[in-house]
Amino acid sequence: MLNLKDKDIVIIGAGKVALRKAKNLMEYGGKLSIISPKIESEFYNYKDKINIIKDKYNKKYILNSSIVIAATDDKKLNRKIGIDCKDENILCNNVTDRNSDFIVPSTFKRGDLTISVSTNGKSPSLSKSIIFELEEKYDEKYIEFLKLLGDIRKIVLEKCNDEKRKKEILNEIINLSLDDLKGRKKLYENKSRL
Ligand SMILES: C[C@@]1(CC(=O)O)c2cc3[nH]c(cc4nc(cc5[nH]c(cc(n2)[C@H]1CCC(=O)O)[C@@](C)(CC(=O)O)[C@@H]5CCC(=O)O)C(CC(=O)O)=C4CCC(=O)O)c(CCC(=O)O)c3CC(=O)O
Ligand SMILES: NC(=O)C1=CN([C@@H]2O[C@H](COP(=O)(O)OP(=O)(O)OC[C@H]3O[C@@H](n4cnc5c(N)ncnc54)[C@H](O)[C@@H]3O)[C@@H](O)[C@H]2O)C=CC1
């Protein structure tokens, strides 16, 4: 998982695929710019968050960025953008090439839980379908569940010095129900040592 806060990310092309990648990246922070002569209209809904530049690709636009997404419908141009990025030591995701610097998995989030699936470029459709199944299993309840697990873990790390017991507790609590987890949090909060 990359921490993209304050990183400059440039997306070349502003069609449907660029829009999907942009929405995904917005969830991770980062300063997004898009460069394209034609802009998918939905991009303008995010004009406070995305710097929209209506122009053809030019190398000057990628200089000083950390990550570039080559998302035009011109395979040759996407490849050229990849080469420019290599020259400048910038990581590039090419949406028309399975072998670019990195590929984007299918992803969903439940609070701090992130689930991502990749097929290493073999079948993006399969990634999407597996994510669809997992979204049903890991529903909205996991937001609170994970928050409680995080709260309890903090208490256990502070109050338990026995490494073996610490591990046992942290391994065990993931199997509790939401209500039992709430009870456990109260119990541990009221103890001075665990
Ligand atoms: C290598 C990779 C590079 C990258 O983009 O990072 C790549 C490449 C290519 N995708 C193509 C096609 C499609 N991609 C999708 C969908 C998604 N593609 C995504 C990622 C990736 N796609 C990376 C590998 C991920 C992995 O390992 O699984 C997802 C997971 C994430 C995202 O894009 O955010 C997102 C699901 C989002 C969701 O969950 O909703 C669909 C289905 C749809 O749109 O409904 C289709 C049409 C059906 C099909 O082909 O399966 C083509 C052919 C283009 C052409 O020639 O026409 C190429 C180029 C090639 O293969 O060379
Ligand atoms: N990796 C992936 O997840 C997927 C990739 N694709 C492929 O991705 C490519 C893009 O697909 P879409 O977004 O649906 O196409 P689209 O037609 O909606 O968008 C293409 C964009 O590229 C821009 N563009 C063209 N020449 C440019 C230039 N010189 N400089 C800057 N921008 C330029 C256009 O202005 C347009 O905004 C296609 O080749 C498609 O086959 C398709 C599906 C999924």
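Colleague: Which residues does Glu135 touch, not counting residues up to four places away in sequence?

Modeller: Please keep in mind that this is a predicted model. Leaving aside residues up to four places away in sequence, Glu135 touches Phe108 and Arg110. Glu135 itself belongs to helix 3.

Colleague: Is Glu135 buried, partly exposed or exposed?

Modeller: The relative accessible area of Glu135 is 28%, so this residue counts as partly exposed.

Colleague: How far apart in space are Glu135 and Ala70?

Modeller: From C-alpha to C-alpha, Glu135 and Ala70 are 28 Å apart, and 65 residues separate them in sequence.

Colleague: Arg110 was named among the contacts of Glu135. Which residue stands opposite Arg110 in strand 7?

Modeller: Leu113 stands opposite Arg110. Strand 6 and strand 7 are joined by 5 bridges in the antiparallel sense. The hairpin of these two strands has 2 residues between them, and Gly111 takes a positive phi near 60° there.

Colleague: Which residues other than glycine have a positive phi?

Modeller: Two cases may be examined. Asp6 has a phi near 65°, a positive value in a residue other than glycine. Asp6 is placed in the segment before strand 1, and it counts as exposed because its relative accessibility is 63%. Asn120, also a residue other than glycine, has a positive phi near 55°. Asn120 sits in the loop between strand 7 and helix 3; its relative accessibility is 57%, so it counts as exposed.

Colleague: Let us turn to the strands. Which residues of strand 4 lie on one side and which on the other?

Modeller: The general idea is that side chains in a regular strand alternate between the two faces of the sheet. In strand 4, residues 67-70, Ile67 and Ile69 lie on one side, while Val68 and Ala70 lie on the other.

Colleague: How many bridges join strand 1 to strand 4?

Modeller: Strand 1, residues 8-12, runs parallel to strand 4 and is joined to it by 4 bridges. Ile67 is the bridge partner of Ile9. Strand 4 and strand 5 also run parallel, with 4 bridges between them. Here Val68 stands opposite Cys92 of strand 5. From strand 4 the chain passes through helix 2, residues 75-87, to strand 5, and this β-α-β crossover is right-handed.

Colleague: Why does Asn78 count as buried?

Modeller: Asn78 counts as buried because its relative accessibility is 0%, and the cut-off is under 20%. This residue is part of helix 2. Its contacts, not counting residues up to four places away in sequence, are Ala70, Ala71, Thr72, Asn94, Val95 and Thr96.

Colleague: Is Ile62 buried or exposed?

Modeller: Ile62 has a relative accessible area of 0%, so it is buried. It is found in the loop between strand 3 and strand 4. With residues up to four places away in sequence set aside, Ile62 touches Ile12, Tyr57, Val68, Asp84, Cys85 and Ile90. Its C-alpha atom is separated by 9.2 Å from that of Asp8, which is 54 residues apart along the chain.

Colleague: What is the volume of the second largest pocket?

Modeller: The second largest pocket has a volume of about 390 Å³. Of the 21 residues that line it, Gly13, Ser36, Ala71, Thr72 and Asp73 lie nearest its centre. Ala71 and Thr72 were also named among the contacts of Asn78. Helix 1 gives the largest share of the lining of this second pocket, 3 residues. By class, the lining of the second largest pocket consists of 10 nonpolar, 5 polar and 6 charged residues.

Key. Residues numbered from 1 in each chain as written. Chains lettered and ligands numbered in written order. Predicted model: local features only at pLDDT ≥ 70, side-chain atom pairs only at ≥ 80, totals over all residues. Heavy atoms only, no water. 1 Å grid on protein atoms, 1.4 Å probe; cavity = no way out; pocket = protein on both sides within 12 Å on 5 of 7 lines; lining within 4 Å. Points joined across faces, edges and corners; volume = space filled by probe spheres on them. Nonpolar A, V, L, I, M, F, W, Y, C, P; charged D, E, K, R; others polar. Buried < 20%, exposed > 50% of the residue type's maximum accessible area, 1.4 Å probe, protein only. Pairing = 2+ DSSP bridges. Right-handed = clockwise from strand over helix to strand, strands pointing away. Contact = heavy atoms within 4.5 Å.
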